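Colleague: Thanks for making time. I would like to go through the terms used for this model and hear what stands behind each one.

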Amino acid sequence: MRLNGKVALITGGTLGIGRAIALRFAQEGAKVAVSGRGRAALDETVALIREQGGIALAIEADVQYKKDVDAMFETVLAEWGELHILVNNAGICTPVSFLDMSEEEWDRHMAINAKGTFLAAQRAAKEMLKQGTGGSIINMSSVNGINAEADQAHYNATKGAVNLLTMSMSVELSHLGVRTNALCPGLIETRLTKPLIDNGPAIAEYLKTVPMKRVGQPEEIADAALFLASDDSRYVSGHCLVVDGGQVTKLS
Ligand SMILES: NC(=O)c1ccc[n+]([C@@H]2O[C@H](COP(=O)([O-])OP(=O)(O)OC[C@H]3O[C@@H](n4cnc5c(N)ncnc54)[C@H](O)[C@@H]3O)[C@@H](O)[C@H]2O)c1
């Protein structure tokens with residue numbers, strides 16, 4: 001088991017990619033704190049982890065608010081006394097054209113995807129340095145942090161920010177034992193992408209951009225997250241790992 005004795009916190013772990021990561025980390029022996037919005041889905045994830053023999057804790061928190069982020073860390077530390085892995089996975093995307101994008105939608109994406117990632121990453125790094133164990137921080141970015149997709153200017157900008165935040169943290173923290181990396185998934189089958197995946201003509205058109213000609217599954221991102229969380233990646237820091245069926249390398 002690759003995460004034996006480790007404590008991991010997964011934000012946005014109630015559903016989709018975050019839930020798959022939480023389940024995978026628990027299978028590998030980590031104690032997993034799952035946070036997110038929506039009590040029912042949160043409790044369901046924790047129940048799934050416990051059913052498979054894992055150790056889990058549910059924490060309701062909205063990552064755009066510092067007081068929620070601080071309370072989330074205090075709950076983990078009160079329960080388990082330490083933290084070794086943070087997966088900054090919470091994120092939203094509500095497509096709208098650039099010209100119709102409201103100030104409120106821009107601010108909401110920045111607050112959750114970019115500021116929320118910063119708040120949790122900073123607190124995690126401080127705790128890891130205080131406890132003297134070092135750690136691994138994984139920020140959930142996207143292929144949209146590398147190339148721009150129409151109707152997602154706000155989302156694209158937040159994921160671009162996440163990539164540079166990841167590199168900035170790596171530059172300042174790697175020599176202190178805290179590694180920071182990002183994951184850049186392509187199209188993964190979750191609630192977020194259901195409207196596109198359920199739209200036959202639209203998904204057929206989209207898959208023309210993906211050399212593997214299929215959407216990815218949350219478990220495929222969880223496996224990549226496990227690599228970045230574990231000592232298998234002990235000399236990897238500041239990297240943005242693309243997991244996209246080959247999409248971003250395709251010219252047309
Ligand atoms: N699904 C994809 O194709 C895809 C591709 C690239 C990147 N991503 C990224 O992966 C992450 C997870 O996406 P998903 O597809 O699993 O989405 P999802 O909608 O299934 O899950 C999103 C999770 O984030 C949580 N969340 C949303 N707003 C929050 C907030 N303010 N505070 C705390 N938690 C909040 C939700 O509770 C949920 O647990 C996101 O950061 C997303 O941008 C997804």
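Modeller: Happy to. Let me begin with contact, which means heavy atoms within 4.5 Å. Helices (H or I, at least four residues) and strands (E, at least two) are DSSP runs, numbered from the N terminus. This is a predicted model, where local features need pLDDT of at least 70, side-chain atom pairs count only at pLDDT 80 or more, and totals for chains, interfaces and linings use all residues. Residues are numbered from 1 along each chain as its sequence is written, and side-chain values use heavy atoms, with hydrogens and water left out.

Colleague: Which residues of helix 1 and helix 2 meet?

Modeller: From helix 1 come Arg19, Ala22, Leu23 and Ala26, and from helix 2 come Ala41, Glu44, Thr45, Leu48 and Ile49. That contact divides into six nonpolar, one polar and two charged residues. Here Ala, Val, Leu, Ile, Met, Phe, Trp, Tyr, Cys and Pro count as nonpolar, Asp, Glu, Lys and Arg as charged, and the others, Gly among them, as polar.

Colleague: Why are helix 1 and helix 2 called roughly parallel?

Modeller: The axes of helix 1 (residues 16-27) and helix 2 (residues 39-51) come within 9 Å and cross at roughly 25°. Axes are lines fitted to C-alpha atoms, for helices over the stretch in contact, and angles run from 0 to 180 degrees between N-to-C directions. Angles under 35 degrees count as roughly parallel, over 145 as roughly antiparallel, 65 to 115 as roughly perpendicular and the rest as oblique. So helix 1 and helix 2 are roughly parallel.

Colleague: And what makes helix 1 and helix 8 oblique to each other?

Modeller: Helix 8 (residues 218-229) packs against helix 1 at an angle of about 55°, with the axes 8 Å apart. That angle falls in the remaining class, and the pair is therefore oblique. Among the residues meeting there are Ile17, Ala20 and Phe25 of helix 1, and Ile221, Ala222 and Leu226 of helix 8. This contact divides into 10 nonpolar, one polar and three charged residues.

Colleague: How do you know that Asp43 and Arg39 meet in a salt bridge?

Modeller: A salt bridge is a side-chain nitrogen of Lys or Arg within 4 Å of a carboxyl oxygen of Asp or Glu. For Asp43 and Arg39 the N to O distance is 3.2 Å, and the pair qualifies. The two are four residues apart in helix 2, which means they are separated by about one helical turn. Arg39 also forms a salt bridge with Glu60, at 3.6 Å from N to O. Arg39 lies in helix 2 and Glu60 in strand 3 (residues 55-60), so this pair ties together parts that are 21 residues apart in sequence. By this rule, the count comes to 18 salt bridges.

Colleague: Why does Asp43 count as partly exposed?

Modeller: Buried means under 20% relative accessible area, exposed over 50%, and partly exposed in between (1.4 Å probe, protein chains only). Asp43 has 35% and therefore counts as partly exposed. Arg39 at 38% is also partly exposed, as is Glu60 at 45%.

Colleague: What makes Ser170 buried?

Modeller: Its relative accessibility is 10%, so Ser170 counts as buried. Ser170 lies in helix 5 (residues 153-173). Not counting residues up to four places away in sequence, Ser170 touches Thr180, Ser237 and Gly238.
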